[in-house]
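Welcome! Take a moment to look over the sequence and the model below before reading on.

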Amino acid sequence: MGILIRNGTVLSATGAAEADVLVDGERVAAVAARDSAAAKGLATTADRVVDAAGKYVLPGGIDAHTHMEMPFGGTFSADTFETGTIAAAWGGTTTIVDFAVQPKGGTLLSTLDRWHEKADGNCAIDYGFHMIVSDVNDGTLKEMDACIDAGVNTFKMFMAYPGVFYSTDGEILLAMQRAADNGGTIMMHAENGIAIDQLVAQALASGLTDPVQHGLTRPPELEGEATHRAIALARVTGAPLYIVHLSAIQALQAVAAARDTGQNVFAETCPQYLFLSLEDMAKPYFEGAKYVASPPLRPKEHQGALWQGLRTNDLSVVSTDHCPFCFVEQKELGRGDFSKIPNGMPGVEHRMDLIYQGVVAGQLTLSRWVEVTSTTPARMFGLYPRKGVIAPGADADIVVYDPKATQTLSAATHHMNVDYSAYEGMEITGKVDTVLSRGRIVVDGTGFHGAKGHGKFLARELNQYLN
Ligand code: URP
Ligand code: ZN
Ligand code: ZN
């Protein structure tokens, strides 16, 4: 009994092997060198064969930064847990970690309950949660311990968005002290929101209302400054720190310097910062609104530094920050006032493909592709070795990837519940062929075969990189 994936090149964070993979139930049962006696034995036990000749076989992608149904700016991000996880599966992502959002005045545990209500029974792939802490008080700080017991040990805080998600340095310090005690990791949205709000007010007062102003009023220096400050607070408190959606050279330099001292500082970037730029935000007829996210897209010269950061491991993870808002119905809220454009971009479906373009271009090795999209997020977010590797006993979350196929990214063909693609018309090499989620073939050449409710909640262990 089982599914045999034959004749493929099995990839891991450390190398590649010509091998066959046997899946039994929800788990990987065996990996055997091609044509070995063991591989011949596997062939006799399988009742279904997937031919992966000429293809890569890699651990399912883990997107550690998504926002399904996220409340923002008077609306909600357009993907539900159902539509968003189906789109993720199409793109070879088999696990997401989504952000539960504590409202001001709300408790962390009631927030967690609310996110379980939204996600449980609706996800097509496995999922976990981070907690956005937007209201630091004695109760919240105590509840951080209970979140950890509930498998949610990563707490995102905002140095941006005053009056909404923003925390003061003092509040951040308190939460960091708690994390230093209880084993949690603080995730930081590092932009100096107080200074940014002044720049935004000045731009609007001068009649500058177009989407590109979103980028111009959030300069990279203010991401660098906030990143530096977050690192200092983490150093003082001893808390592990993970910088989310890092976009700018200045922030990368701060992370690299901290890592050089041995501090537990980690960072992710996102495909949009590697492939898109401030020029996209300047597109006419309000098209730039499609690219409004925070931090904003940067001038192109930042991209090379981010690729380099991925190679040197100063950037350890690529996540999407998937937070889609429809162009017609939702981005429209900010026509005539860029500060009212809902912040966020779609991307959960195309992360594996886009980062594979780094392999095609010689920017990343195959192993590094697997590492930054699957193995490291598994370790960082306490899922390894259940996820992030193809090895006996691991969950059979497996992607068969065709490195030679070509495709054109488009809203007309994507599966995300949003009316535009940030990468419309981009021609790329490489395409997902087959996807298994916990042993079930959810995508193959004939279509989608998964179902909402197949995905299970993952109570995560602590960050496995802490020293
Ligand atoms: O613009 C963004 N990034 N929207 C999602 C919320 C966040 O800050 O990650
Ligand atoms: Zn953020
Ligand atoms: Zn985000």
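Predicted model: local features only at pLDDT ≥ 70, side-chain atom pairs only at ≥ 80, totals over all residues.

## Helix α14

Let's begin with α14, which covers residues 366–380. At 1.5 Å a residue, its 15 residues should span 21 Å, and the end C-alpha atoms are 20 Å apart, which agrees. The helix does have a kink of about 50 degrees, centred on Val-372.

Most of α14 is covered, with 12 of its 15 residues buried. Val-372 is among the buried residues, and so are Arg-368, Trp-369 and Met-380. Just after the helix comes Gly-382, which has a positive phi of about 65 degrees.

## The largest cavity

Next, the spaces inside. Across the whole structure, a search finds 3 cavities of 30 Å³ or more. The largest holds about 120 Å³ of space.

Its lining is made up of 15 residues, and those nearest its centre are His-67, Tyr-161, Ser-294, Asp-321 and Asn-343. Sorted by class, the lining has 7 nonpolar, 6 polar and 2 charged residues.

## The second largest cavity

The second largest cavity contains about 50 Å³ of space. Its lining includes Pro-59, Ile-62, Arg-386, Lys-387, Asp-395 and Asp-397. By class, there are 3 nonpolar, 4 polar and 4 charged residues around it.

Methods. Residues numbered from 1 in each chain as written. Chains lettered and ligands numbered in written order. Heavy atoms only, no water. Helix = DSSP H or I, 4+ residues; strand = E, 2+ residues; numbered from the N terminus. Expected span 1.5 Å × (residues − 1). Bend = angle between axes of the 7 residues up to and from the residue. Buried < 20%, exposed > 50% of the residue type's maximum accessible area, 1.4 Å probe, protein only. 1 Å grid on protein atoms, 1.4 Å probe; cavity = no way out; pocket = protein on both sides within 12 Å on 5 of 7 lines; lining within 4 Å. Points joined across faces, edges and corners; volume = space filled by probe spheres on them. Nonpolar A, V, L, I, M, F, W, Y, C, P; charged D, E, K, R; others polar.
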